[in-house]
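Here are my notes for anyone opening this one for the first time. Have a look at the chain and the model, then go through the points below.

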Amino acid sequence: MCVRAPDALRADMQRVYGLDADDIGAGIRVMRAADLAASLPQDALVWHRLDPRAGWDERTALLASLRDSCAWIAWSMSKHPKGQKWRDQWPRPGDGKRDGRGDPTVASGTTEQVLDMLSRPRGKTENKQTH
């Protein structure tokens with residue numbers, strides 16, 4: 001953490017615990033700081049920096065899975081050429097896929113965007129996904 005994402009770790013320590021990273025070693029014991037760093041919540045910036053796949057919290061991942069399940073069910077009930085594969089999975093952070101605009105999906109949709117997609121009338125979800 002200290003080597004690969006020191007700025008994110010510093011910001012997370014301040015945001016989550018209210019601790020100034022400059023105090024480590026003086027006012028805060030190093031082992032205590034290491035324990036706190038290892039226990040940062042899922043939405044901490046440092047986790048996404050260390051592994052882009054950790055860019056979503058559980059709620060966002062579940063919403064994307066729900067969206068994909070609904071989209072797959074709608075697709076499977078529609079008429080499509082035999083043998084055609086379903087290809088409408090919502091891009092995940094760190095999966096290396098690209099969205100409809102050709103942008104790399106490092107941090108794709110937000111929770112609000114997934115909720116917006118799920119609230120659209122049937123048949124309107126394929127239009128212009130904004131990431």
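Where does Leu66 lie? Its place is in helix α4, and point 4 returns to it.

1. Before anything else: this is a predicted model, in which local features need pLDDT of at least 70 and side-chain atom pairs count only at pLDDT 80 or more, while totals for chains, interfaces and linings use all residues. Numbering starts from 1 along each chain as its sequence is written, and side-chain values use heavy atoms, with hydrogens and water left out.

2. On confidence, the protein averages a pLDDT of 78, and 80% of the residues score at least 70 (pLDDT is the predictor's confidence in each residue, from 0 to 100). Helix α1 has the highest mean, at 91, and helix α5 (residues 111–119) the lowest, at 73. Over residues 98–108 the pLDDT is below 50, though this stretch has 25 contacts in the model beyond near neighbours in sequence; a contact means heavy atoms within 4.5 Å. Where pLDDT is low, the predicted coordinates should not be read in detail.

3. The fold is quick to describe: five helices and zero strands, running α-α-α-α-α from the N terminus on. Helices (H or I, at least four residues) and strands (E, at least two) are DSSP runs, numbered from the N terminus. Among contacts with a separation of 6 or more, 49% are between residues 24 or more positions apart.

4. Back to helix α4 (58–76). Leu66 is partly exposed, with a relative accessible area of 44%; buried means under 20%, exposed over 50%, and partly exposed in between (1.4 Å probe, protein chains only). Leu66 and Leu118 are 52 residues apart along the chain, yet their C-alpha atoms are separated by 8.6 Å. Ser69, also in helix α4, counts as partly exposed at 41% relative accessibility. Its C-alpha is 8.9 Å from that of Gln89, 20 residues away along the chain.

5. Buried or exposed: which is Thr111? Thr111 counts as buried because its relative accessibility is 14%. This residue lies in helix α5 and touches Arg59, Thr60 and Leu63, leaving aside residues up to four places away in sequence. From Thr111 to Ala61 is 50 residues in sequence and 8.9 Å in space, C-alpha to C-alpha.

6. Asp57 sits in the loop between α3 (45–50) and α4, and is partly exposed at 31% relative accessible area.

7. For the protein as a whole, 24% of the 131 residues count as buried.

8. Last, the second largest pocket, with about 220 Å³ of space. Its lining includes Cys2, Pro6, Arg10, Met13, Ile24 and Val30, and both α1 (6–17) and α2 (30–38) supply at least two lining residues. By class, the lining has ten nonpolar, no polar and one charged residues. A pocket here is an open set of points on a 1 Å grid over the protein atoms alone, where a 1.4 Å probe fits, with protein on both sides within 12 Å along at least five of seven lines; lining residues have an atom within 4 Å of a point. Ala, Val, Leu, Ile, Met, Phe, Trp, Tyr, Cys and Pro count as nonpolar, Asp, Glu, Lys and Arg as charged, and the others as polar.

Technical notes
Grid points are joined across faces, edges and corners, and a volume is the space filled by probe spheres set on the points.
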